[in-house]
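Biologist: Before I use this model, I would like to go through it with you.

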Amino acid sequence: MLDDVVEFITANQDTPFFMYYSLIQAHRSLFSSDRFRGSSKRGPYGDNINEMSWAIGEVLDLVDSLGLTNDTLFIFTSDNGPSIESCMEGGDPGIFVGGKQSFYEGGLRVPTVMQWSGVLQPGTDNDQLASLMDLYPTMVELAGGEMRPDVTFDGVSLARSLLGGEEPWPRQTLLIYCQEYLYSARVGPYKLSFGELFDISREYLACVCTGGVVAHGVIDGCVHETTTACVEGLYDRPRLYNIEQDPREIYPLSEVRYHAVMSEIAEVIAGYEETFSVGESILVDTSCDTRPCCDPSNNCVCNYDHLVSGTC
């Protein structure tokens, strides 16, 4: 994949370009090239991180060697929290609870690093609320484009705030769904949790992670509370937290404060859902056009030279 990235950037160095580099690290099953195998005390997961760090460095060095560093915005982020059920072969959510597939903060919060030399101030920290959905409108505005006026987008542009504008931070709310079911609503410092799909207890992890790796022979004997269908994971009564004071989601608000805050959150949800409609999942499309360009039955090796659109 890195070879493709290098080829693309080099070929487009004289024109504006957008390049999305979806790294395979550190996703299971973990593997590393010979150069990085055994390079970390953290085992295969650490080896993956080392190789990912090297690959990102190669991209940064390439852009710099082409004289494009001051004209390029780099964004490094993730689509979900760590796979904690993978034990030592997964990441660590730190102080937060939950991980990948979870609606706890450990599943929703991800690190994001941006670099734009000469534009963004180095070493700046930002703890404001943002979403991956905001990247598209942000980049459209930075590129001088306009969003389609006939479509309501879930993302908001962070461009002016990132560039040092004094306006209020543009995102104060964030609603997260599982299919058509609302599972999490963040409004200011408050988080309303409607359910949980992947509730993994410490007892389960202690049972399944024998020696730090998944003990496949004992999984069936480990009791955990995992649900798979969106409708099955909903709580009987939503739980409300002040996520700034209680980021680990341990102490739901008292009954008095619950009702005082709920009216504000309910108004936000109602306003959003006026523009919300459930679209058809792209996963139901089994045509060749939606499949990868490679053949999964043949080690998933892509042959770009012979790629024909619409064929499998």
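Biologist: What is the mean pLDDT of the protein chain, and what share of its residues reach 70 or more?
Modeller: This is a predicted model, so confidence is taken up before the fold. The mean pLDDT of the protein chain is 83, and the share of residues at 70 or more is 84%.

Biologist: How many helices and strands does the protein chain have?
Modeller: The chain has 312 residues, of which 32% are buried. Among contacts between residues at least 6 apart in sequence, 55% join residues at least 24 apart. The secondary structure comes to seven helices and eight strands.

Biologist: What is the strand order in the open sheet of four strands?
Modeller: The edge strands, each pairing on one side only, are strand 3 (173–178) and strand 8 (234–242). Neighbouring strands are turned by 15° against each other on average, direction ignored. Pairing is antiparallel, and the order is 3-4-5-8.

Biologist: How many bridges pair strand 5 with strand 8?
Modeller: Leu192 stands opposite Leu240 of strand 8, and Tyr190 has Asn242 as its bridge partner there. Strand 5 covers residues 190–195, and its antiparallel pairing with strand 8 runs over five bridges.

Biologist: How many bridges join strand 4 to strand 5?
Modeller: These strands form a hairpin with two residues between them, where Gly188 takes a positive phi near 60°. Ser184 stands opposite Ser193 in strand 5. The two strands run antiparallel, and the number of bridges is four.

Biologist: How many of the six residues of strand 5 are buried?
Modeller: A residue counts as buried under 20% relative accessible area. By that cut-off strand 5 is mostly covered, and the number of buried residues is six of six.

Biologist: At what angle to strand 8 does helix 7 run?
Modeller: Helix 7 (residues 255–273) lies across strand 3, strand 4 (181–187), strand 5 and strand 8. Its buried residues pack against these strands, and they are Tyr258, Val261, Met262, Ile265 and Ile269. Residues three or four places apart in an α-helix point the same way, because there are 3.6 residues a turn. The angle of helix 7 to strand 8 is about 105°.

Biologist: How far apart are the end C-alpha atoms of helix 7?
Modeller: At 1.5 Å a residue, the 19 residues of helix 7 should span 27 Å. The helix has a kink of about 30°, centred on Met262.

Biologist: Is Gln101 buried, partly exposed or exposed?
Modeller: Most residues other than glycine have a negative phi. Gln101 has a positive phi of about 75° although it is not a glycine, and it lies in the loop between strand 1 (74–76) and helix 3 (105–108). With a relative accessible area of 47%, Gln101 is partly exposed.

Biologist: Is Gln179 buried or exposed?
Modeller: Gln179 sits in the loop between strand 3 and strand 4. Its phi is near 55°, a positive value in a residue other than glycine. Exposed means over 50% relative accessible area. Gln179 has 58% relative accessibility, so the residue counts as exposed.

Key
Residues are numbered from 1 along each chain as its sequence is written. This is a predicted model: local features need pLDDT of at least 70, side-chain atom pairs count only at pLDDT 80 or more; totals for chains, interfaces and linings use all residues. Side-chain values use heavy atoms; hydrogens and water are left out. Two strands pair if DSSP finds at least two bridges between them. Axes are lines fitted to C-alpha atoms, for helices over the stretch in contact, and angles run from 0 to 180 degrees between N-to-C directions. Contact means heavy atoms within 4.5 Å. The expected span of a helix is 1.5 Å times one less than its number of residues. The bend at a residue is the angle between axes fitted to the seven residues ending there and the seven starting there. Buried means under 20% relative accessible area, exposed over 50%, partly exposed in between (1.4 Å probe, protein chains only). pLDDT is the predictor's confidence in each residue, from 0 to 100.
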